[in-house]
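Subject: Structure handover

Hi,

Here is the structure for you to look through. My notes on it follow below.

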Amino acid sequence: MAGGHRPKVLNKPCILLIVIAGMERFAFKGVASNLVIYLTDVVNMSNSAAAKTVNSWCGFTSIMPLLVAPLADSLWDHYSTILAASFFYILGLASLTSTTFEWAWPVNKNISNTFMFWSLCLISLGQGGYNPSLQAFGGDQLGEEEDLPSNQTDLKTSSKRTTFFTWWYFGVCSGSLLGVSIMSYIQDTLGWSLGFAIPTMVMIASIILFSCGTRCYAFNFANDQKLDNHSPLTNITNGLKTAISRVFNCGIGESHRKVNAPELELQENQLSCQKLVGSMEPGERQSKSTCLSDNAKVTLRLLPIWTMLLLFAVIFQQPATFFTKQGMTMRRNIGTKFKIPPATLQGAITVSIIILMPFYDRVLVPCTQLITRNEKGITVLQRMGVGMVLSIIAMVIAALVEEKRLKNPSLSIFWLLPQYILLGISDIFTVVGMQEFFYGEVPVKMRTMGIALYTSVFGVGSFLSAIMIALIEVFTTRGGNQSWFSDDMMKARLDKYYWLLAILSSFSLLIYIVLCKFHKSRSDLANENDA
């Protein structure tokens, strides 16, 4: 095979963490995929208000890792962060479940709405620490890497990393598929209480499973202190204690406090360039300032590519909002009794990913290797670009289908499948490429921040989507005209909105192509410095 052999099998800790990530996606998608229907049918929000709420919440959830990642990289470790964040995650899911009971909606709706809002915020806070730390911890299981890349080390680890991220996404998509298909059906037929309680139980089970695997994990960095082989409950308790202790024993703001050797072993020093001790010499402060400045430069270097991916993230939000509302108005009957829940069509995205991901890894990559002579078939930047093109085509198809739906109200819901499937295929290229790109382009000591940069694309994209909806509503309702997002779906003009997204994404893609020509990877920069 061109470019050397590719590792065929991931180690056991990686496989276990992929399963755990899939369980987390089941829990999250089981809530998020049908949330817009819950807000309109139970909370009685308008279509546009519900869509903006879901987009804003998804955005807040995806941007939270940027706030938590520096703490996970500098003060805590991946293991303890995962356990601490899961507490807030589960608390948020349980609180949201409680809002589905009849007694949770008293006469004063403002109190209930506020409680639901804070429940969603707890989920966002928990996921902000959980997801990037879990994925970075999974990357730790691949083995240590040198902080400064070279051609030799880059070629040695690139295939292993590509395989890991490809199958990681396969795992989370499998969990998403089950969450979307099973939970949306339960929520539509058996009720919202059971529909939100099951994801909560699955999330609890995933944390227990994560703790059970403690003895087989590789704690590669100095910040990841391996725990003793106790029971899962003991490991969870110890992990939480460790996370809390690192907040109070990190030496920040305690210039006269002495820290003993065992405490120092628990200190996380990935973003710091020195050990965290009670007193800090002026030279050490300058060293820390220089290190943080270098980390900021790394982030700024990736900012142009990051910005051009935002329109893809806006398109990424459509299946959970307007695609689902479209499906509610279309013919959904199979036979005389069964009706397809519109949110289950989101499963078409994950089905296409699950089916085509092995095809990409085992067939497409080897074939492109023969043509390009590149270790990974196509570069990471090319992989993301292909996905962006497919997402634009999906929006064009979505606009054409919506035009047809407006002319024929009895149109079958299966007409929406092509746009769902194309978005799934685009995810294989762009989303997996983004994970590998941001993980690989930051220093080893910023791995959690790298994953946070990836998730923040979708966070800011969600906020951008909400802002676009608000602005379009303002402009389209001038002079008493009907909004593009009217609650009456036969008067709404989602087709124009999809055309607008396709046009804006095309401009973004052109700028992205230009930026790629001038972008230099970490290994390229390191080679230039060596020369």
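Helices here are DSSP runs of H or I, at least four residues long, numbered from the N terminus. On that numbering, Leu93 lies in helix 4, which covers residues 78–98. Please keep in mind that this is a predicted model.

**Overall**

The protein chain has 18 helices and 2 strands. It runs to 531 residues, of which 56% count as buried. Take the contacts between residues at least 6 apart in sequence: 81% of them join residues at least 24 apart.

The largest nonpolar core holds 123 residues. Phe210, Phe438 and Tyr497 have the most contacts inside that core. What does Tyr497 touch, not counting residues up to four places away in sequence? The list is Val314, Gln318, Phe322, Ser465, Met468, Ile469, Ile472, Trp484 and Phe485.

The cut-off for that is under 20%. Leaving aside neighbours within four places in sequence, Leu93 is in contact with Ala27, Val31, Ile123, Pro199, Thr200 and Met203. Phe196 is 103 residues away from Leu93 along the chain, yet their C-alpha atoms are separated by 7.4 Å.

Helix 1 spans residues 12–32. Its axis comes within 12 Å of the helix 4 axis, and the two cross at roughly 30°. The crossing of helix 1 past helix 4 is left-handed. Helix 1 brings Glu24, Arg25, Ala27, Phe28 and Val31 to the contact. Helix 4 brings Tyr89, Leu93 and Leu96. By class, the residues of this contact are 6 nonpolar, no polar and 2 charged.

Two packed helices are described by the angle between their axes and the distance between the axes. Here are two such pairs.

The first topic is helix 14 with helix 17. Helix 14 is residues 380–407, and helix 17 is residues 494–518. They pack at an angle of about 165°, with axes 8 Å apart. Angles over 145 degrees count as roughly antiparallel, so helix 14 is roughly antiparallel to helix 17. Helix 14 passes helix 17 in a left-handed crossing. The contact of helix 14 with helix 17 has 19 nonpolar, 4 polar and 3 charged residues.

Next, helix 14 with helix 15. These axes come within 8 Å and cross at roughly 155°. That angle makes helix 14 roughly antiparallel to helix 15. The crossing of helix 14 past helix 15 is left-handed. In the contact of helix 14 with helix 15, the residues divide into 20 nonpolar, 6 polar and 2 charged.

Ser426 lies in helix 15, residues 417–440. Is Ser426 buried or exposed? Its relative accessibility is 0%, so Ser426 counts as buried. Leaving aside neighbours within four places in sequence, Ser426 is in contact with Phe312, Gly387, Leu390, Ser391 and Val431.

Trp415 is found in the loop between helix 14 and helix 15. Trp415 counts as partly exposed because its relative accessibility is 41%. Not counting residues up to four places away in sequence, Trp415 touches Met330, Val401 and Lys404. Trp415 and Gly327 are 88 residues apart in sequence, and their C-alpha atoms are 9.5 Å apart in space.

Ser483 is found in the loop between helix 16 (447–476) and helix 17. Its relative accessible area is 7%, so Ser483 is buried. Ser483 touches Glu473, Thr476, Thr477, Lys491, Ala492 and Arg493, not counting residues up to four places away in sequence. Ser483 and Glu473 are 10 residues apart in sequence and 5.7 Å apart in space, C-alpha to C-alpha.

Asn44 is found in the loop between helix 2 (35–41) and helix 3 (47–74). Asn44 is exposed, with a relative accessible area of 60%. What is phi of Asn44 near? The value is near 65°, which is positive in a residue other than glycine.

Best wishes

Key: Residues numbered from 1 in each chain as written. Predicted model: local features only at pLDDT ≥ 70, side-chain atom pairs only at ≥ 80, totals over all residues. Heavy atoms only, no water. Core = buried A, V, L, I, M, F, W, Y, C linked by side-chain atoms within 4.5 Å. Buried < 20%, exposed > 50% of the residue type's maximum accessible area, 1.4 Å probe, protein only. Contact = heavy atoms within 4.5 Å. Axes fitted to C-alpha atoms, helices over the stretch in contact; angles between N-to-C directions. Parallel < 35°, antiparallel > 145°, perpendicular 65-115°, else oblique. Left-handed = near helix turned anticlockwise from the far one by under 90°. Nonpolar A, V, L, I, M, F, W, Y, C, P; charged D, E, K, R; others polar.
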